[in-house]
Amino acid sequence: MTKLNPGERIDQLLSQDIQIIQSSEVFSFSLDAVLLAYFASIPKRGTIVDFCAGNGAIGLFMRPRTHATITGVELQEKLYNMAKRSIELNQFNDSMTMIHADIKNITQFIKPDSVDFITCNPPYFKEAPNSKKNPNPYLAIARHEIHLGIDDVFQQASKLLKMNGKIAMVHRPDRLIDILHSMEKNRIAPKRIQFVYPKTNKEANTLLIEGIKDGKTDGLRILPPLYVYGEDNEYLPEIKEMLHGTS
C-alpha cells in the first residue's frame with residue numbers, strides 16, 4: 001500500500017489508467033503535462049529523460065506508450081518523493097526512476113550523448129527582481145525561472161542527447177523567440193510546432209515545440225491548431241480523448 005502524507009490525494013488520468021499522487025501544497029499537474037506527453041514523438045525503445053519532472057506526471061503519462069526507460073529529474077525534494085511513490089503506485093519501478101538533482105548538474109548523474117529523447121515542462125515566467133511571485137515557494141520555483149531558465153534547459157539537453165536525439169517542450173507562445181534562439185545556440189533544430197488555443201476565437205496560450213540535436217535547419221512543420229474548449233465550455237473531443245480515453 002502506497003503511503004500518503006498529510007494533504008495528499010490520488011488523482012487518475014482515466015485514458016491511461018494512471019494514478020498520481022498530488023497535493024494542494026505543491027504544483028499539481030495541469031493540462032500542459034497531458035498535452036506534452038501526447039505531442040512528443042517519443043521512441044518505442046531507448047532512453048527518455050523528463051526535465052522538471054515535478055510529481056512525475058509527464059513520465060507517467062508517456063509510460064504506457066513506450067518500452068523505453070524513463071528517468072525524471074526534479075529539484076524539489078517533496079515533489080521528487082511524490083513522483084517516486086507514484087511510480088511505485090503504478091508498479092512502474094522496472095522502467096521508471098527519479099533523480100533528485102538540479103538539471104544544471106545533470107551530467108553528474110546521466111552520461112552525455114546517451115539519451116534518445118527529453119521532455120520538459122519548465123518554469124514559464126522570467127525571473128526579475130520586481131516580479132510578483134507566489135508566496136508558496138514550491139509554486140514559485142515551479143512557475144518562475146528562479147533556478148532554471150530556457151538556456152539552461154537546452155544547454156543540458158544538448159549535452160545529454162545523442163546525435164539526432166530529440167527534445168519536446170511545452171511553454172508559452174510569448175517565449176517562442178527565446179526558445180528558438182536558445183535551440184540554435186545549442187545545436188538543436190526545431191522540427192515541429194503546435195499552438196494550443198483555449199477556444200477558436202481566442203489567442204494561443206500554449207506552445208508545443210520539438211527539436212532534434214544536430215538536425216538540418218530546414219523542414220520545420222507547423223501542425224494544425226489544437227483547440228481545448230468548445231462554445232459550451234466543455235472539452236473538445238481530441239482533449240477528451242487525451243484525458244478520458246473517449247470522445
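**Burial, packing and cysteines in a predicted model**

Modeller: The buried residues of α5 are Ile-150, Asp-152, Val-153, Phe-154, Gln-156, Ala-157, Ser-158 and Leu-160. The model is predicted.

Colleague: What do the buried residues of α5 pack against?

Modeller: They pack against the strands β3 (47-51), β6, β7 (161-171), β8 (188-197) and β9 (206-213), and against helix α6 (176-185).

Colleague: What makes Ile-103 count as buried?

Modeller: Its relative accessible area is 6%. The limit for buried is under 20%, so Ile-103 is buried.

Colleague: Where is Ile-103 found, and which residues is it in contact with?

Modeller: Ile-103 sits in the loop between β5 (96-100) and β6 (115-120). Leaving aside neighbours within four places in sequence, Ile-103 is in contact with Phe-51, Cys-52, Val-73, Leu-148 and Gln-156. Gln-156 is also one of the buried residues of α5. Val-73 is 30 residues from Ile-103 along the chain, and their C-alpha atoms are separated by 7.0 Å.

Colleague: Why is α1 called largely enclosed by the rest of the structure?

Modeller: Because 8 of its 9 residues are buried. They are Leu-31, Asp-32, Ala-33, Val-34, Leu-35, Leu-36, Ala-37 and Phe-39.

Colleague: Asp-32 lies in helix α1. What makes Asp-32 count as buried?

Modeller: Asp-32 has a relative accessible area of 9%. Buried means under 20%, so Asp-32 qualifies.

Colleague: How do helix α1 and helix α7 pack?

Modeller: Helix α1 (residues 31-39) and helix α7 (residues 237-244) pack at an angle of about 95°, with their axes 10 Å apart. The range for roughly perpendicular is 65 to 115 degrees, so α1 is roughly perpendicular to α7.

Colleague: Which residues make the contact?

Modeller: From α1 they are Leu-31, Val-34, Leu-35 and Tyr-38, and from α7 they are Ile-239, Glu-241, Met-242 and Leu-243. By class, the contact has 7 nonpolar, no polar and 1 charged residues.

Colleague: How many disulfides does a search of the whole structure find?

Modeller: The search finds 0. The nearest cysteine sulfur to that of Cys-52 belongs to Cys-120, 3.8 Å away. A disulfide needs two cysteine sulfur atoms within 2.5 Å, so Cys-52 is in no disulfide. Cys-120 is likewise in no disulfide, with the sulfur of Cys-52 as its nearest, at 3.8 Å.

Colleague: Are Cys-52 and Cys-120 buried or exposed?

Modeller: Cys-52 has a relative accessible area of 19%, and the limit is under 20%, so Cys-52 is buried. Cys-120, at 0%, counts as buried too.

Colleague: How many helices and strands does the protein have, and what share of its residues is buried?

Modeller: There are 7 helices and 11 strands. Buried residues make up 51% of the 247 residues. Among contacts with a separation of 6 or more, 68% come from residues 24 or more positions apart.

Definitions and conventions
Residues numbered from 1 in each chain as written. Predicted model: local features only at pLDDT ≥ 70, side-chain atom pairs only at ≥ 80, totals over all residues. Heavy atoms only, no water. Helix = DSSP H or I, 4+ residues; strand = E, 2+ residues; numbered from the N terminus. Buried < 20%, exposed > 50% of the residue type's maximum accessible area, 1.4 Å probe, protein only. Contact = heavy atoms within 4.5 Å. Axes fitted to C-alpha atoms, helices over the stretch in contact; angles between N-to-C directions. Parallel < 35°, antiparallel > 145°, perpendicular 65-115°, else oblique. Nonpolar A, V, L, I, M, F, W, Y, C, P; charged D, E, K, R; others polar.
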